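Hi,

Here is the structure I promised to pass on. Have a look through it, and then read my notes on its charged pairs below.

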Amino acid sequence: MSARGDWRTGLPPEAGDQGDLPPVNAVRLDSREVRPGDLFVCIPGQRFDGHDFAAAAGAAGAAALVVEQGREGVAEALGVPAAAVPDSRRALSSIAAAHEGNPSERLTVVGVTGTNGKTTTSLLIHAALEAAGEEVGLINTVETRIGLRQSLNDSRMSTPEAIEIQRLLGEMVDAGCEYAVVEATSHGLALDRLADVAFDVGVLTQLGEDHLDFHGSVEAYRAAKLRLFERLSRGAVLNADDPEYARFAEASSAPVLSYALEAASADLTARRIDNVGDGSTFELVTPEVSLHAQVRLPGRFNVANALAAFGAVVALDLDPYMASVGISQTPGVPGRLQRVLTTPIGVVVDYAHTGDALANVLELLRGLTDGRLIAVFGAAGERPRARRTGMAEAAARQADYAVLTEEDSRSEPTDEIIDEIARAMTAEGAAEGRRFERVPDRADAIARAIALAEQGDVVLIAGKGHEPTIERADGSHPWDDAEAAREALRERFAEPDD
């Protein structure tokens, strides 16, 4: 597909004269994807430096390069036209936006951020806007929706790179969308993947501690999230129950609309919450209206997610009555409290991969079973060690039994990760052999938990949710928690041969 705009208009002033820079077919970040006539942007990364692959891009037919100032020699040696910029990662965002014709400027964009609840809330907002009669696109951890086209996100990146973000927004404009709902992660904000998305409304679910391996500190993690609210044009929808509410409200460039389950002073509140089956009914109270609402997702935290979605609707001056229809009809998110079996044992798959998220899910499931609660979980390698202790503490306090296993160990030895979790559980008073055991292979762990379960028990398989791969030291392998559970269930409950 031809360019929707001119990439050269996205260059910063420091790039200087653009006279010898040609138009390009596509903007590339990976030299292996370069085709004749493309632009290759050289970005220094955590593991690799794109400047080291400039020759490969040139050999593949790159029409031009973007390099960082002081590295112009890599382009001169190839004889390829180049623009030198102070920060090539930051420039990638504005170049990608310009190449796609700055599509976010022709959309009303809602960004959703927070430690937990982003994906569910973004899906609820999408459903609410559709029910209000709007054409809406969606980009989140699980999927992308553009008009009637829906595709799963198998990249393992909740917020794609700027090139992909801008391309998807451009396709939304082409498809006639007027709104876009975008999950805005701390990585996506800190790495400037979203720097040239013109956000109108920002939504904060809640703020915990996560990704400290990348950000380095809680303060840096918070600062990344704050970026979304510092450049809004229409409204900030903030959780008044969150301890960081005041800080985000102060940072917002747009009017603040608050929501809460506990804080009575919030603009949007839920009264008379009633658990019904796999969801809740409640009375939604807004500054303008009060109406009966429903969310088909269990737990008080999903009522809070629904309030956040209603807040976005109110901030956009859309009809909350029609929005309530969309929210009430939204089914579960794949890999979020996904039920694989209900009887004679319950088996649930959930994406919970932080201590807070696991605690929330375990608390919910505790209220839904009279039997034992058995948790299968691990912790990702090359990720914050606090996740390991947080999940261990949640399981030790709230699960009757746990099977500790792998979860994207990557370059770290699985046994060492499990050992850290085991030590943290022991420190919480959970004795190994009585309250937990170790089964490093995830398929075996799921089968073991299902074999242990008796009638009325619930098995929670936590940590991966919808993800289609598992990351081990030797690379990425196809994976599906729900299918692994189904296989174990077939094995356990299969009729014996005659």
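Which residue forms a salt bridge with Arg 366? The partner is Asp 400, with the closest N and O atoms 3.1 Å apart. (A salt bridge here is a side-chain nitrogen of Lys or Arg within 4 Å of a carboxyl oxygen of Asp or Glu.) Arg 366 sits in helix H12 (residues 355-366) and Asp 400 in the loop between helix H13 (385-398) and strand E19 (401-404), so the pair ties together parts that are 34 residues apart in sequence. Helices (H or I, at least four residues) and strands (E, at least two) are DSSP runs, numbered from the N terminus.

Before going further: this is a predicted model, where local features need pLDDT of at least 70 and side-chain atom pairs count only at pLDDT 80 or more, while totals for chains, interfaces and linings use all residues. Residues are numbered from 1 along each chain as its sequence is written, and side-chain values use heavy atoms, with hydrogens and water left out.

Back to that pair: Arg 366 is partly exposed at 31% relative accessible area, and Asp 400 is partly exposed at 29%. (Buried means under 20%, exposed over 50%, partly exposed in between, with a 1.4 Å probe and protein chains only.)

Glu 467 and Lys 464 also meet in a salt bridge, at 2.9 Å from N to O, and both are buried. Then there's Glu 483 with Arg 486, at 3.3 Å between the closest N and O atoms; these two are 3 residues apart in helix H16 (residues 481-493), about one helical turn.

Finally, Arg 149, Glu 164, Arg 167 and Glu 171 are linked in a salt-bridge network. The structure holds 37 salt bridges.

Cheers
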